[in-house]
Amino acid sequence: MAKVVVVTSGKGGVGKTTSSAALGAALAQRGEKTVVVDFDVGLRNLDLVMGAERRVVYDIVNVIQGDAKLPQALIRDKRLETLFLLPASQTRDKDSLTAEGVEQVMNDLKRHFDWIICDSPAGIERGATLAMRHADVAVVVTNPEVSSVRDSDRIIGLLDSKTEKAELGERMEKHLLLTRYDAVRAERGDMLKVDDVLEILSIPLLGIVPESMDVLKASNIGAPVTLADSRSAPALAYLDAARRLAGETVPMTIPGEKRGLLGKIFGRRAA
Amino acid sequence: MSIFSLFRKQNSAPTARERLQVLLAHERASVGQSDLVAILREEILAVIAKHVEIDDEKVSVKMERGEHVTTLEVDIEIPVTVTVRAA
């Protein structure tokens with residue numbers, strides 16, 4: 001049975017696309033067939049972050065409008081054969097994403113995949129509401145920063161009212177993914193702590209991704225963080241988060257940048 | 001405020017936390033339904049406009065959202081020469 005996950009946040013630039021790619025790859029690395037769907041019509045970027053930008057022929061809008069079949073639009077990852085991408089289109093016409101069309105695509109994907117990760121655009125407009133519409137689980141990506149927390153709170157409200165699950169009177173499973181966390185600054189009292197954000201948003205914690213150079217490095221080379229360097233701190237955080245998403249119980253840690261001596265010697269060579 | 005706080009460096013995270021808690025308490029109550037304060041503002045102005053000509057420039061509406069109460073301050077200048085409309 002396929003599980004549909006929406007990666008959402010309200011605010012832009014907090015790490016939705018990075019997290020979608022990393023969680024998607026981490027789930028695929030477990031051998032589960034995963035597709036990451038870009039809902040950011042007009043400003044697609046998931047293809048770039050996943051290193052598939054030169055292989056996009058058809059996109060989700062082509063599938064919805066009947067110009068392409070779903071298998072033609074799906075791009076298989078070159079590194080992981082269980083990982084797929086369904087790109088967004090670059091059209092400026094926002095209405096090209098229709099509710100019926102998205103529902104049809106989601107139903108087709110559910111028949112072929114174990115995991116469907118929906119990368120939501122920023123904001124609370126059509127693209128964002130359609131991305132969350134069919135979700136079973138929501139991953140709310142939040143930075144330890146006031147505007148991000150406020151927007152996440154708003155998104156949680158939408159998840160509880162504007163989704164299929166909510167309309168059926170069911171409970172939407174929501175998880176917090178705290179990204180760009182700096183344990184040193186939080187300890188110093190200059191950044192909201194994990195517990196502060198958890199107390200304010202009151203949804204369970206899926207993972208803590210530390211602020212790290214490795215995230216930019218991964219997007220530079222077009223690889224999900226967990227594939228670029230699976231031993232980097234953010235990769236470890238995403239791998240653990242994916243395990244929790246899959247229902248495993250994993251103790252919560254904030255992966256640090258520290259590496260053992262051997263890790264330092266060999267880790268650099270790998271990068 | 002104790003004497004010790006003078007020597008302690010003020011951290012910004014607790015301020016962020018408090019501001020968020022106050023803000024979200026209000027937003028959770030108002031989002032979805034219409035904002036009560038906005039309704040009050042509209043209706044108060046409408047009632048006054050029924051009787052006197054209000055110059056939009058001379059109306060000042062201030063709101064202060066506190067942890068437990070919200071205050072709405074409506075300040076309207078009514079000129080002495082105003083012609084009172086028949087009700």
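Author: Helices (H or I, at least four residues) and strands (E, at least two) are DSSP runs, numbered from the N terminus. Thr17(A) is found in helix α1 of chain A. This is a predicted model: local features need pLDDT of at least 70, side-chain atom pairs count only at pLDDT 80 or more, and totals for chains, interfaces and linings use all residues. Side-chain values use heavy atoms, with hydrogens and water left out, residues are numbered from 1 along each chain as its sequence is written, and chains are lettered from A and ligands numbered from 1 in the order in which they are written.

Reader: Why is Thr17(A) called partly exposed?

Author: Buried means under 20% relative accessible area, exposed over 50%, and partly exposed in between (1.4 Å probe, protein chains only). Thr17(A) has 22% relative accessibility, and therefore counts as partly exposed.

Reader: What makes Val14(A) count as buried?

Author: Val14(A) has 4% relative accessibility, so it counts as buried. Val14(A) lies in the loop between β1 (3-8) and α1 (16-29) of chain A.

Reader: Which residues are in contact with Val14(A), leaving aside its neighbours within four places in sequence?

Author: Contact means heavy atoms within 4.5 Å. With those neighbours left aside, Val14(A) is in contact with Ser9(A), Val141(A), Asn143(A), Ser148(A), Thr179(A) and Arg180(A). For Thr17(A), on the same exclusion, the contacts are Asn45(A), Leu46(A), Val49(A) and Asp119(A).

Reader: Why is Leu40(B) called partly exposed?

Author: Leu40(B) has a relative accessible area of 38%, and is therefore partly exposed. Leu40(B) lies in helix α2 (residues 36-51) of chain B.
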